[in-house]
Every structure is written in C-alpha cells, then in structure tokens.
Amino acid sequence: MNPPLQRLSKRILYSQEDIMLVTSQLKVGVVFKSGNDILVVQRMLGQKGGRGALVTKLRVKNLLTGQTADLGLDAGEKFADVDLDHLKMKLSYVDGDNYVFLEQTSYEQYEISKDDMGDNVNYITPDDDVEVEVTFYEGKPVGIELPISVDRVITYCEPGVKGDTSGKTTKPATLDTGFVVNVPLFCDIGTKIKLDTRDGSFIERANK
Amino acid sequence: MSELDPELRLRLVVNDLVAFSKLCPAIKIGHAVQYAEGWTVASGPEASGIFRAERPRFIIECFACGRPDWYEEILFDPDDPDDRLIVNLEYLTAEDYAIDLHKAPSLTRSAKVKKAMFLPGFAQGTGGLIIDRRFAFLRDAYRDENRKEGLRQNLLAAIAAGIPAAAESRVLAGPIPADAPERFWVSIFSYERDYQPVVQDLAAFHRDRPLLALIAAGKSSEPFLDAWKRADRPFPAIALPFLTQETWDEVILASDFAIVRGEESLARAALSGRPFLWHAYRLEDDYQLVKVRALIDRMRPFFGSEDFSAIERAFITFNDRRIDSNNAKGADEGLDVFLERLSKPKRKQGSLETGFEAWSQSLFDLGNLARGLLTFIRDFE
C-alpha cells in the first residue's frame with residue numbers, strides 16, 4: 001500500500017483561472033491531458049520555427065495504454081490539467097533498467113523504468129545529492145520532474161581553446177551521465193557546466 | 001483550394017480587416033460577415049452566429065497564429081458530438097524539420113478536436129509550394145521570349161493605371177523609360193537594410209546592361225530609394241504602389257532578377273525559374289542564416305560549382321547581420337559577382353540561368369500544396 005502522498009502545489013505551470021498547460025510549459029516528466037488520454041512527456045525532440053512561433057517535437061507516453069507517439073505541437077495549444085501527486089525524492093541507485101528513488105522521510109523506495117524516465121536519465125546519477133519530484137498518477141510513479149537546470153561534469157571532449165569565450169562555436173562533450181552535449185570551445189575535461197534540462201543545451205560554466 | 005474545387009465552401013476568419021482589404025480589395029471594413037471572391041469572410045465575435053449555425057469541421061490554422069476566444073468556444077463545445085480536424089499550416093522553411101514534421105500528428109485538449117501539422121517546403125516529403133493556375137500560366141508566358149516584352153508593357157501600363165494621377169510624381173521615382181520592356185528588370189522587396197552597396201552594384205551592372213529597378217512598397221522602399229538618390233539616381237527606378245498579390249506575382253515573373261523577402265515572395269521567386277536573392281526575416285542569434293543555408297543547400301545540385309559559389313556568397317552576405325551592420329562594403333562583395341555572371345548573355349551564363357529553371361521545375365514536380373492539403377483533409381474524412 002502506498003504511503004500517504006504529499007500533494008504539492010501545482011507551481012507556476014498552471015494559470016489560476018483555467019488550470020491549463022500551454023505547449024511551451026511542457027518538458028520531460030510533465031503529465032497532461034488530451035481528451036481522455038493522460039500523457040507524460042518522455043523526450044523533447046527539438047524546437048523549430050521562425051518569427052517566434054515555435055513548433056515543439058516531443059515523444060509522449062499514454063499512461064492509460066502504455067503506447068508512445070512522436071508529436072508536433074505548436075506553441076499556442078492548451079491542455080487540461082491532470083490531478084497528480086508529487087513526492088520529493090532522491091535517486092538511490094540504478095537496478096538494470098530501473099531507477100530506484102528513495103523518499104526522504106518514510107524511506108519508501110519507488111522504481112521508475114528507464115523508458116518512463118525518458119531523457120531525464122541524461123541529467124542525474126545516484127551520486128547526485130539532488131532532490132527531484134516524482135510524479136504519481138493514481139498511486140503509481142510515472143515520471144520525474146527535474147529542476148530547469150542541473151550541473152554536470154565533462155568527462156571527455158577535445159582540448160579546450162583559450163580565448164574563445166563567445167560560445168558561438170561549439171564542440172561535442174561527453175558528460176558524467178554518458179550524455180553528449182554541445183559545449184563552447186573553452187570547456188575542457190573536468191569542467192563543470194550548467195545544463196538546461198528541457199533541451200540539453202549548455203547554459204554556462206558552473207561554479208566549482 | 002477554391003480553384004481546385006469550386007464546390008468547396010471556405011470561411012476565412014480575419015482579425016484585421018483593414019490589412020486584409022489591401023490584399024483583397026473587395027473587402028468592406030466593419031462588416032462582421034461578408035462574401036468576397038467566393039469566400040465567407042468573418043471578423044470578430046459578431047460573426048460567431050454563422051459558425052454556431054454550421055459548425056466548423058476542418059480548420060486550417062496558419063502559422064499557429066492562434067484562434068479567437070469566440071471561435072475557441074465553438075470549436076471546443078463539449079456538446080458538439082462530431083470530430084473536427086485542425087491542420088496547422090506552418091511557416092515555409094527549407095530545413096530538414098519540414099520533412100520530419102510534415103503531416104505529424106498533433107494534439108488538442110479535446111478528443112473530438114484532432115490536430116495535425118502540414119509543412120510547406122522545397123523537398124520530397126514536404127507539402128511543397130502553392131501553385132495556382134494563373135501563376136503557372138503566367139510563368140510559361142514570361143518564359144516565351146517572343147511574348148515577354150509585350151507582357152511587360154501590359155504590366156507597366158496596368159501598374160501605371162492603378163496609380164492616381166495626383167500621386168504619380170511621388171510614386172514614380174523617375175520617368176518610365178521608353179525602352180523599359182527590353183531592359184534587365186530587377187525587383188526589390190526586402191526587409192530594412194543598408195542599400196548603398198546594392199545600389200552601387202546595380203549601377204555598375206547598369207553601365208554594361210541597362211536595367212530597370214522596380215521597388216515594391218514596404219520596408220525596403222525607403223532605404224533603397226534613399227541610397228539610390230544619394231548615388232544620384234544612377235539607373236531608372238519605379239517605386240511601385242501597394243500591389244495585389246496577383247500583380248506582385250507577375251512583377252516577380254517579369255523580373256530578370258528579384259530580391260525577395262519572407263515566405264510568399266520567396267516561394268514565388270523559387271517557382272519563377274529566374275535568378276533571385278532571398279532576404280530572410282532576422283531571427284535571434286542569427287538563426288536566419290541556418291534557414292538561408294538550408295535553402296541554398298536545396299539549390300546546390302542544380303548549379304555548377306562556380307555559379308553556386310556566387311549564389312552562396314550573395315545569399316549569406318545579404319543575410320548576415322554582422323556584415324550588414326559592421327562592414328558597409330561587405331554586403332556587396334557577394335552580390336557583385338552574382339550580378340556580373342548575370343550580366344553575360346544568357347548562352348554564356350552556364351548553370352546560372354538553367355539552374356534556377358531546373359530547380360523551379362523540381363519544385364513544380366513536388367505538386368501543388370493546396371492540392372496536397374485538400375487530399376490530406378479529405379483522407380481524414
């Protein structure tokens with residue numbers, strides 16, 4: 001039996017009036033409703049557009065059927081809220097394809113499959129001392145929501161180029177999670193960087 | 001779409017009738033519901049009655065422009081038992097994502113309101129470009145060198161007839177030369193930019209081959225004419241009044257070289273088979289250069305390497321904000337080579353003339369976007 005779940009506030013994702021999500025607020029782990037379907041965002045596959053109107057491509061999983069689909073969503077579409085529960089937890093360990101989270105007061109463990117973690121697997125490891133929000137739908141953990149930015153360490157990249165601080169030219173770099181991102185030329189192995197968890201983009205060099 | 005199926009009943013929801021009336025002169029300002037060019041044109045919540053009486057089933061949403069609240073209420077009415085489909089017709093781009101997202105499923109908050117993406121484009125796997133009968137007919141007519149001068153004469157007369165006499169001295173930046181139809185026509189329709197280097201390049205071109213510049217009304221008109229006047233009016237230029245889309249299409253087809261902007265004029269210039277230069281809408285972090293590179297990459301297979309280098313250089317320098325703002329001389333570095341190659345007799349232009357023709361034919365071969373859209377909607381039924 002599940003322990004009592006702590007209902008957290010809906011944060012700023014929802015407007016006060018109609019409790020709607022708009023496309024621009026969707027990110028990996030966010031659950032939303034389309035018709036009778038309950039969908040969780042598993043992967044952000046890119047944003048494209050011109051003149052400010054963005055089309056977001058993303059992969060969603062239908063929590064009722066288990067099916068996944070790649071969709072194109074334009075910026076203005078609105079979606080209904082879903083009655084969710086959230087618990088703050090820390091990633092304890094990875095057991096094969098399952099990510100095991102530990103609730104910090106009851107010490108209950110919850111497993112989330114790698115598929116359900118989606119792109120969030122790129123941003124956390126069990127070594128992190130970071131609290132994440134595990135999302136529950138009808139008592140089952142269905143995904144996690146990360147902070148908008150996380151710090152990670154580069155484990156491999158071509159040598160850094162001093163002097164180029166523009167950030168306009170980039171190179172691929174492998175992070176301690178195994179995720180490969182584009183970073184400015186000045187970055188080096190061991191550099192700690194701040195990443196945007198919505199699209200994996202480099203934000204800035206993190207404080208050591 | 002009306003052309004393809006005259007039985008089709010199209011209702012346009014317009015939020016700015018004043019702006020729309022410039023494109024469609026038959027429109028009357030202040031009418032919530034009116035009929036023009038075979039369409040019902042609706043504007044404002046007062047028009048909601050006709051949509052409540054006959055519910056929309058297929059909705060084409062352009063560039064995800066958003067839907068008015070009153071329309072939204074009708075569309076998402078929970079008591080409406082029938083399915084409806086929104087097709088988001090997106091911006092034109094040559095980037096690969098147009099292929100990736102074309103016909104991709106999308107979502108709304110209601111199971112009854114389906115949604116899908118439809119992307120125009122320059123490649124197989126996209127929706128292609130709009131090819132209407134009139135444009136295709138005129139394109140063929142202007143390609144016939146025996147008819148071209150006569151058509152140009154008629155076009156100039158039609159434009160001049162549309163200019164009120166009182167405004168003539170203001171609108172015409174100089175007398176129309178008697179040999180205008182025989183000249184090398186250059187049409188200009190871009191965003192704001194420094195036109196001094198372009199005017200210099202055109203003046204140099206004019207010394208070898210007489211040209212006539214046709215300056216579209218809009219953002220590029222003033223900077224171009226200012227630069228042209230500062231250069232002591234080195235070639236004849238006509239400042240065009242605001243033209244209907246049909247007349248502007250014909251100006252592009254009549255031009256030997258066009259500088260175009262945005263999407264509609266880009267599509268027309270690409271289909272014209274004539275050499276052109278595209279001024280892309282400036283985006284944050286110079287993202288317009290990504291779009292420009294994607295476009296010229298689509299053109300690359302149709303040109304020899306030297307000609308393509310001239311095109312590539314002109315397109316990139318014209319759209320690179322850093323060059324435009326920091327190096328007044330830089331902007332003309334690409335265009336002068338492009339123009340120099342164009343100044344040669346056609347038979348000596350190599351792939352420059354044939355390349356634009358061949359590329360435009362490949363775009364025609366992709367099919368008519370309107371037809372594809374109609375088929376896509378009907379398949380939903």
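Two strands pair if DSSP finds at least two bridges between them, and the strands on this tour (E, at least two residues), like the helices (H or I, at least four residues), are DSSP runs numbered from the N terminus. What you have open is a predicted model, in which local features need pLDDT of at least 70 and side-chain atom pairs count only at pLDDT 80 or more, while totals for chains, interfaces and linings use all residues. Residues are numbered from 1 along each chain as its sequence is written, and chains are lettered from A and ligands numbered from 1 in the order in which they are written.

**Stop 1: two hairpins in chain A**

Select residues 85-95 and 98-103 of chain A, which are strands β7 and β8, running antiparallel and joined by six bridges. Within this pair, A:V94 stands opposite A:Y99, and in the hairpin, with its two residues between the strands, A:G96 takes a positive phi near 65°.

**Stop 2: an open sheet in chain A**

Next, colour the five strands of chain A that form an open sheet with antiparallel pairing, in the order β14-β13-β12-β15-β16. The edge strands, each of which pairs on one side only, are β14 (180-184) and β16 (202-205) of chain A. Neighbouring strands of this sheet are turned by 50° against each other on average, direction ignored, where the axes are lines fitted to C-alpha atoms, for helices over the stretch in contact, and angles run from 0 to 180 degrees between N-to-C directions. Strand β13 (residues 170-175) of chain A runs antiparallel to β14(A) and is joined to it by five bridges, and A:K171 stands opposite A:V183 in β14(A).

**Stop 3: the domains**

Colour chain A by its three domains, which are domain 1 (11-80), domain 2 (85-145) and domain 3 (149-205), with bounds that come from an automatic or database domain assignment. The centres of domain 2 and domain 3 of chain A, taken over C-alpha atoms, are separated by 25 Å. Chain B is divided into domain 1 (11-128 + 367-380) and domain 2 (133-365), whose C-alpha centres lie 31 Å apart.

**Stop 4: where the chains meet**

How many residues of chain A are in contact with chain B? There are 22 from chain A, in contact with 22 residues of chain B, where contact requires that the C-beta atoms of two residues, placed from the backbone, lie within 7 Å. On the side of chain A that touches chain B, β5(A) gives the most, with five residues.

**Stop 5: two helices in chain B**

Finally, select helix α12 (residues 288-299) and helix α13 (residues 305-319) of chain B, which pack at an angle of about 165° with their axes 10 Å apart. The helices α12(B) and α13(B) are therefore roughly antiparallel to each other, since angles under 35 degrees count as roughly parallel, over 145 as roughly antiparallel, 65 to 115 as roughly perpendicular and the rest as oblique. Show the side chains of B:Q288, B:L289, B:V292, B:I296 and B:M299 in α12(B), which meet B:I311, B:E312, B:F315, B:I316 and B:N319 in α13(B).
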